[in-house]
Amino acid sequence: MIVITAPTGNIGRHLLPLLLESAPAHGERLRVVVRDPARLPDATRERVEVVVGSHGDADVVDRAFAGADAVFWLVPPDSSRTPDEGFRGFTRPAAQALATHGVGHVVGVSALGRGTPAADRAGLVTASLAMDDLIAGTGVAYRALANPSYFENFLEDAEEIREKGVFTDVVDPDRKAPLVAVADIAAVAAGLLLERTWSGVDSVPVLGPQDLSPNDLARIMTERLGRPVRYERQAFDELYATLVGYGLDETFARGVCDMKRAKDAGLDAGVTRTPDTATPTTFEQWCDRVLRPAVASSPAA
């Protein structure tokens, strides 16, 4: 029995079809935890066991983890809470349920940065690493997917790219860093969940095929979208004010800024890419498949 949390999220919606395709051959049943079952396709609901509710609730994870052999764990972002509350606080009931039901294996979505000088002052990433320690402390075999920033983050800029030819961030325009497609994260997670020959606690870096700077990204967007796109660097104070203006918890907003400041200082550069840690989807391919349709369909400003 494999339990999938957040099955309708960015990673889960790629992971669940992979497991539905491969789980029967491995003799695995699937159970999902979802707030709104209507968000699952009808054909999917017929093939999985559904536990309705938030996987941050003790009674929900107690039901969901009963009889489970493996769990895919993903904490949904919650900008109304502090980073520590959002990661460790949300995960605490699950950690208890993992121990209570003797779950053997957990694959969790986390971040790069462990062991780097900025790891203890990296905001959301620091909180995510603390969540990993909480899960590892339950005694399960645990693999933390150590991810860089996602290609999908650029979907938030789709309208600005369409209307102004601009995307923004706070990092140095020439700072090269790994980036990854969420579909590739899902593929790595599926492999770990289905082939549970691993034990102990470790991180699994998921690094994408190459490091890219914001200037590299702007060049590729220009080529693939057929329109000029440039990178505009934003000040950290301006980013913080914007986030608070959107109604985010002030501590959460600082956590975002601290994370980005750490990334600008090389937080994601602590792992060397190898054939085992590289993933296949290039930014060019992702632009063609995902960003270009999103930009074309973005509403006018």
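**Cysteines, helices and a glycine: a chat**

Biologist: How many disulfides does the count come to in this one?
Modeller: Bear in mind that this is a predicted model. A pair of cysteine sulfur atoms would have to sit within 2.5 Å to be counted. By that rule, the number of disulfides comes to zero.

Biologist: And Cys-287, is that one buried or exposed?
Modeller: The cut-off for buried is under 20% relative accessible area. Cys-287 has a relative accessible area of 0%, so Cys-287 is buried.

Biologist: On to helix 3, residues 58-65: where do its buried residues sit around the axis?
Modeller: The buried ones there are Val-60, Val-61, Ala-64 and Phe-65. They cover an arc of only 115° around the axis, so they all lie on the same side of helix 3.

Biologist: Which helix is included in what covers those buried residues of helix 3?
Modeller: Part of the cover comes from strands, among them strand 1 (2-5) and strand 4 (70-73). The helix included is helix 4 (83-101).

Biologist: How far apart are the end C-alpha atoms of helix 7?
Modeller: Helix 7 runs over residues 182-194, which makes 13 residues. At 1.5 Å a residue they should span 18 Å. The model agrees, with the end C-alpha atoms apart by 18 Å.

Biologist: What separates the C-alpha atoms of Gly-200 and Ala-141?
Modeller: Gly-200 is in the loop between helix 7 and strand 10 (201-205), and it touches Val-140, Ala-141, Tyr-142 and Arg-143. Along the chain, Gly-200 and Ala-141 are 59 residues apart. Their C-alpha atoms, though, are separated by 4.7 Å.

Terms used:
Residues are numbered from 1 along each chain as its sequence is written. This is a predicted model: local features need pLDDT of at least 70, side-chain atom pairs count only at pLDDT 80 or more; totals for chains, interfaces and linings use all residues. Side-chain values use heavy atoms; hydrogens and water are left out. Buried means under 20% relative accessible area, exposed over 50%, partly exposed in between (1.4 Å probe, protein chains only). Helices (H or I, at least four residues) and strands (E, at least two) are DSSP runs, numbered from the N terminus. The arc is that of the directions from the helix axis to the C-beta atoms. Contact means heavy atoms within 4.5 Å. The expected span of a helix is 1.5 Å times one less than its number of residues. Lists of a residue's contacts leave out its neighbours within four places in sequence.
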